[in-house]
Amino acid sequence: MSHIVHIELDDANLPPPTPEIEQERRVAMFDLMEENTFSIPERDGRVAPPGPYNVGLSIRDKRLVFDVTTSTHEKAAEFHLSLSPFRQVVKDYFQICKSYFDAVKTLPPSQIETIDMARRGIHNEGARILQERLEGKVEVDTDTARRLFTLICVLHFGG
């Protein structure tokens, strides 16, 4: 039962996303709900409430906030991560995504594929950074980290 059953992005104070950003968000949310791994390890001798979990993601005071409750709304964890380690990879990811969206409209498939490979590489780097930052707080697999990184990018877009 160690997985996310609901995720909420606190984007109320952000500008409206572009259609491309909104599509990225929808796909990431759908994929995340279809399959994910999210478990809270024992910490400081305390066992975390068992999942499944609801996760709230927000940016507050220039920090990424994970607010985690059980499916019965019992507080399971809350942790704040510095956004600094994500800044460059998020910037790179947005630049390569823009190139990809532009390429899809005009370039041949071989060039689109090259840009998409670069995009996946940057996305993987963002997921790796997220997994490192979450170490000791929550355990996620690579696919879950990739989807969460996409949602972090969505929050960064407006932040």
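Aspartate 116 is buried in the predicted model, with a relative accessibility of 15%; here buried means under 20% relative accessible area, exposed means over 50%, and partly exposed covers the values in between (1.4 Å probe, protein chains only). The model is predicted, and local features therefore need pLDDT of at least 70, side-chain atom pairs count only at pLDDT 80 or more, and totals for chains, interfaces and linings use all residues. Residues are numbered from 1 along each chain as its sequence is written, and side-chain values use heavy atoms, with hydrogens and water left out.

Aspartate 116 forms a salt bridge with arginine 120, and the closest N and O atoms of this pair are 2.5 Å apart. A salt bridge is defined as a side-chain nitrogen of Lys or Arg within 4 Å of a carboxyl oxygen of Asp or Glu. Because aspartate 116 and arginine 120 are four residues apart in helix α3, about one helical turn separates them. Helices (H or I, at least four residues) and strands (E, at least two) are DSSP runs, numbered from the N terminus. Arginine 120 has a relative accessible area of 39% and is partly exposed. In total, the structure holds 10 salt bridges.

Another of these bridges links arginine 119 with glutamate 24, the closest N and O atoms being 3.4 Å apart. Arginine 119 lies in helix α3 (residues 109-134) and glutamate 24 in helix α1 (residues 19-34), so this pair ties together parts that are 95 residues apart in sequence. Arginine 119 and glutamate 24 are both buried. Helix α3 also holds the pair of arginine 128 and glutamate 125, which are three residues apart, about one turn of the helix. The salt bridge between arginine 128 and glutamate 125 has its closest N and O atoms 2.5 Å apart. Arginine 128 is partly exposed at a relative accessible area of 34%, and glutamate 125 is likewise partly exposed, at 31%. Through shared partners, salt bridges join Glu24, Asp116, Arg119 and Arg120 into one network.

The packing of helix α3 against helix α2 was examined next. Two packed helices are described by the angle between their axes and the distance between the axes. The axes of helix α2 (residues 84-106) and α3 come within 9 Å and cross at roughly 160°. Axes are lines fitted to C-alpha atoms, for helices over the stretch in contact, and angles run from 0 to 180 degrees between N-to-C directions. Helices α2 and α3 are therefore roughly antiparallel to each other, a term for angles over 145 degrees, whereas those under 35 count as roughly parallel, 65 to 115 as roughly perpendicular and the rest as oblique. The contact (heavy atoms within 4.5 Å) includes Phe86, Tyr93, Ile96 and Tyr100 of α2, and among its α3 residues are Ile115, Asp116, Arg119, Ile122 and Glu125.

The strands form an open sheet of four, in the order β1-β3-β4-β5, with mixed pairing. Two strands pair if DSSP finds at least two bridges between them. The edge strands are β1 (4-9) and β5, each of which pairs on one side only. Direction ignored, neighbouring strands of this sheet are turned by 15° against each other on average. Strands of a sheet pair through backbone hydrogen bonds, either parallel or antiparallel. Strand β4 (residues 63-70) and strand β5 (residues 75-82) run antiparallel and are joined by seven bridges. Across this pairing, leucine 64 stands opposite leucine 81 in β5, and phenylalanine 66 stands opposite phenylalanine 79 in β5. Four residues lie between β4 and β5 in the hairpin that they form, and histidine 73 in the turn has a positive phi of about 70°. Helix α3 lies across β4 and β5 and runs at about 120° to β5.

Threonine 70 is found in strand β4 and is buried, its relative accessible area being 5%. When residues up to four places away in sequence are not counted, threonine 70 touches Pro49, Pro50, Pro52, Tyr53, Asn54 and Ala76. Aspartate 31, in helix α1, is partly exposed at 29% relative accessibility. Aspartate 31 and glutamate 74 are 43 residues apart in sequence, and their C-alpha atoms are 25 Å apart in space.
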